[in-house]
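Have a look at the sequence and the fold below. How do we get from plain numbers to words that describe a structure?

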Amino acid sequence: MTTATTTGPVTSAVGTSYVRLEGRDKVTGTARYAADFPAGALAHGWIVVSTVARGRIRSVDDGPVLKMPGVLAVLHHGNAPRLQEDFSGTFGPDATTQVLQHDRVPYAGWPVAFVVAETPEQAREAAQALVVTYDTEPHDVGFRFGHPEAYTPESTAVGPARTDKGDVEAELAASEVVVDSRYSTAEEHHNPMEPHAAMARWHAGRLEVVDSTQGAYATAQDLARLFGLDPASVHLRSEHVGGGFGCKAQVRPHLILAVMATTLLGRPVRVALTRPQMFSLIGHRSATAQRVRLGAGADGRLRALEHTALSATSTVREFVEPSAAYARSMYDASGHRTVNNVVRLDVPAPTYMRAPGEAPGSFAVECALDELAERCGLDPIALRARNEPAAGPVSGLPFAGRRLLDCFTEGARRFGWAGRDPRPGVRRDGRWLVGTGTAASTFFTGTFPATAAVTACADGTFTVRITAADIGTGARTALTQLAADALDVTLDRVRVLIADSDFGNAWLAGGSMGTRSWGWAVTLAARELRERLALGAVVPPDGITVRSDTQQAVSSLTAYERHAYGAQFAEVAVDPGTGEIRVRRMLGVFAAGRIINPLTARSQLTGGMIWGLSMALHEEAVRDAASGGLANADFAGYHIAAHADVPAIEADWLDDPDPDDPVGIKGIGEIGGVGSAAAVANAVWHATGVRHRDLPIRPDRVLTSTAAPMERDHAGHR
């Protein structure tokens with residue numbers, strides 16, 4: 001036995017930039033993702049998806065396929081294992097309970113069979129040869145304003161579907177300035193670098209799973225419920241995840257099918273989705289149709305605010321994109337109404353996508369505020385300052401810190417906003433029209449209970465175990481920094497093990513709550529261990545372990561409006577001859593709690609800002625009305641912003657720790673993408689004098705909407 005010591009200088013790891021601890025493994029190919037794990041006698045699966053949008057399966061002609069070389073099994077609704085019908089997972093009822101459970105086809109791309117073979121090539125060839133016949137039914141994939149089947153659900157994932165305060169109509173009637181505008185955003189898809197993959201096998205009486213999931217513990221628990229297993233018999237690991245953005249937060253069909261197959265065949269089975277399959281099997285962000293009505297006095301002070309939003313959901317699971325929730329914490333008015341509506345269509349079920357609700361909702365509200373500022377003759381930042389609320393507009397709760405105006409002040413200084421000519425369409429650079437725009441951003445600050453274990457080892461090192469997930473955000477590194485500071489040791493003495501369901505309950509990497517939730521648990525355990533060692537505890541060969549559970553601390557949090565905030569700025573150049581829009585520079589200044597690792601934090605924030613640019617100018621899934629499927633389910637047709645689309649982008653932050661968090665964390669994963677699309681759209685208006693209320697702002701839309709103004713402008717310019 002040895003006596004451990006933590007003496008030495010305070011490390012001050014938190015707040016210091018560190019490269020990702022696993023970075024070298026990733027760039028050298030050493031890091032193993034879900035599709036990389038080996039297993040003896042490994043079989044490979046391939047998913048067959050429906051080619052019709054609605055109907056029933058008449059037959060699955062698996063006889064010829066079963067005779068093909070290497071084919072081991074063909075699973076379909078007639079022979080697949082039964083799943084628990086009353087399943088309700090981490091996020092409630094889920095369509096995965098219906099995979100291969102019946103002959104109904106709810107949308108194009110629905111799994112209708114699963115072929116397992118000795119090699120992935122054999123599985124793919126057999127899947128392509130499988131003949132499935134259908135009895136088709138009329139389908140509806142037409143999302144639009146005023147859809148007759150739209151309804152208001154009881155609730156959304158972030159609260160009630162509808163909120164009301166005061167008399168909106170009376171306040172609008174009494175307003176001197178009214179904005180009443182409609183906005184729309186396109187259907188968007190996650191497309192992480194790593195497609196979904198899983199490997200499942202039975203070993204020593206346990207179901208061993210490797211999956212690309214954002215939450216190993218939650219996914220393991222959901223698997224156990226789905227298959228009626230003892231939760232202790234399911235062991236799931238997710239060592240490295242190549243991006244998630246929300247689509248890897250839940251159990252997906254590929255994982256269900258891998259477990260079905262390994263249970264039937266008695267050997268390991270791996271399945272990996274193709275990029276086109278990612279467009280139908282793992283969720284997406286629904287298109288939205290939004291209406292914003294603002295009423296104000298001539299001084300720009302709001303009297304009325306109404307935000308209604310419509311999104312689409314599938315017929316197998318209700319999911320509401322809560323776009324109208326954005327204004328509930330941002331802007332107050334005597335008459336205040338927000339409504340989230342939804343319509344069931346024959347499309348894949350939408351799901352959480354980075355900044356669900358806030359991303360599309362901020363586009364509509366922040367653009368409407370820009371319109372109001374123009375009509376009132378006010379600077380857009382001054383208008384927001386004039387409408388800064390003292391408490392939560394809907395909740396009435398006090399703010400747990402709100403430095404939004406400070407973000408605007410600092411951002412305006414750094415962006416050079418003071419020298420801006422507010423008149424649209426007057427600034428030129430050769431053939432380009434140049435404009436600047438701004439918008440606010442916010443994302444709620446939440447935390448979930450988590451457990452962690454920290455062990456003092458006999459060799460003087462420390463091991464942290466927590467079921468966290470690193471989806472490319474640098475969570476491993478941030479948790480190592482937090483543990484090192486709590487233990488008062490250097491980083492090289494701390495080893496963090498994550499993404500193993502056996503480590504116990506911990507929130508998944510989602511909702512900008514991962515590092516906050518995990519860091520809380522790690523910090524408490526590490527501090528207690530440090531105290532024990534400071535009292536002279538002797539470390540035996542097997543170490544001393546301290547465990548933490550933040551359930552009580554989290555449940556005791558005082559009720560506040562808890563949010564991160566930011567100010568987004570963009571400069572764009574528009575070519576009136578081609579309709580091309582080039583974003584020349586972007587700046588975001590945020591108040592998002594204590595920043596653990598500036599290097600990885602800046603990467604998260606700028607990544608979100610680029611996502612917003614991509615939403616504003618590029619991303620648009622086009623659904624074919626005739627087939628019900630997507631016309632551009634690949635990277636050739638579904639455009640995503642690349643590095644060349646953002647010549648200069650900068651993100652920075654203000655000191656804004658959360659006083660109720662042991663290290664002051666709020667969350668940064670999603671706020672970068674909120675408001676950035678609105679800033680770009682507002683800049684396009686400033687450049688051209690034309691409002692674009694439909695995203696993406698494609699060149700053809702620019703040419704169509706600005707043709708007459710441009711012709712007049714050119715004539716005057718000449």
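What follows is a set of questions and answers about this predicted model.

Q: What should I know about the model before we start?
A: It is a predicted model, in which local features need pLDDT of at least 70, side-chain atom pairs count only at pLDDT 80 or more, and totals for chains, interfaces and linings use all residues. Residues are numbered from 1 along each chain as its sequence is written, and side-chain values use heavy atoms, with hydrogens and water left out.

Q: What makes β3 and β5 a pair of strands?
A: Strands (E, at least two residues) and helices (H or I, at least four) are DSSP runs, numbered from the N terminus. Two strands pair if DSSP finds at least two bridges between them. Strand β3 (residues 55-61) and β5 have two bridges, in the antiparallel sense, so they meet the definition. G55 has V105 in β5 as its bridge partner.

Q: Why are β5 and β7 said to stand at the edges?
A: The open sheet has the order β5-β3-β7, with antiparallel pairing. β5 (104-105) and β7 (131-136) each have a single partner strand, so one side of each is left without a neighbour in the sheet.

Q: Which strands pair with β15, and in which sense?
A: Strand β2 (residues 43-49) runs parallel to β15 (residues 269-272) and is joined to it by three bridges; here A43 stands opposite V269. Strand β12 (residues 197-203) runs antiparallel to β15, with four bridges, and A198 has V271 as its bridge partner.

Q: Why is α15 called largely enclosed?
A: Buried means under 20% relative accessible area, exposed over 50%, and partly exposed in between (1.4 Å probe, protein chains only). In α15, 13 of the 13 residues are buried, so the helix is largely enclosed by the rest of the structure.

Q: How do α8 and α15 pack?
A: Helix α8 (residues 358-376) meets α15 at an angle of about 35 degrees, with the axes 8 Å apart. Axes are lines fitted to C-alpha atoms, for helices over the stretch in contact, and angles run from 0 to 180 degrees between N-to-C directions. Contact means heavy atoms within 4.5 Å; among the residues that meet are F363 and C367 in α8, and A681 and W685 in α15.

Q: What covers the buried residues of α5?
A: The cover includes β13 (206-211), β14 (234-237) and α6. In α5 (residues 216-227), 10 of the 12 residues are buried, so this helix too is largely enclosed by the rest of the structure.

Conventions: Expected span 1.5 Å × (residues − 1).
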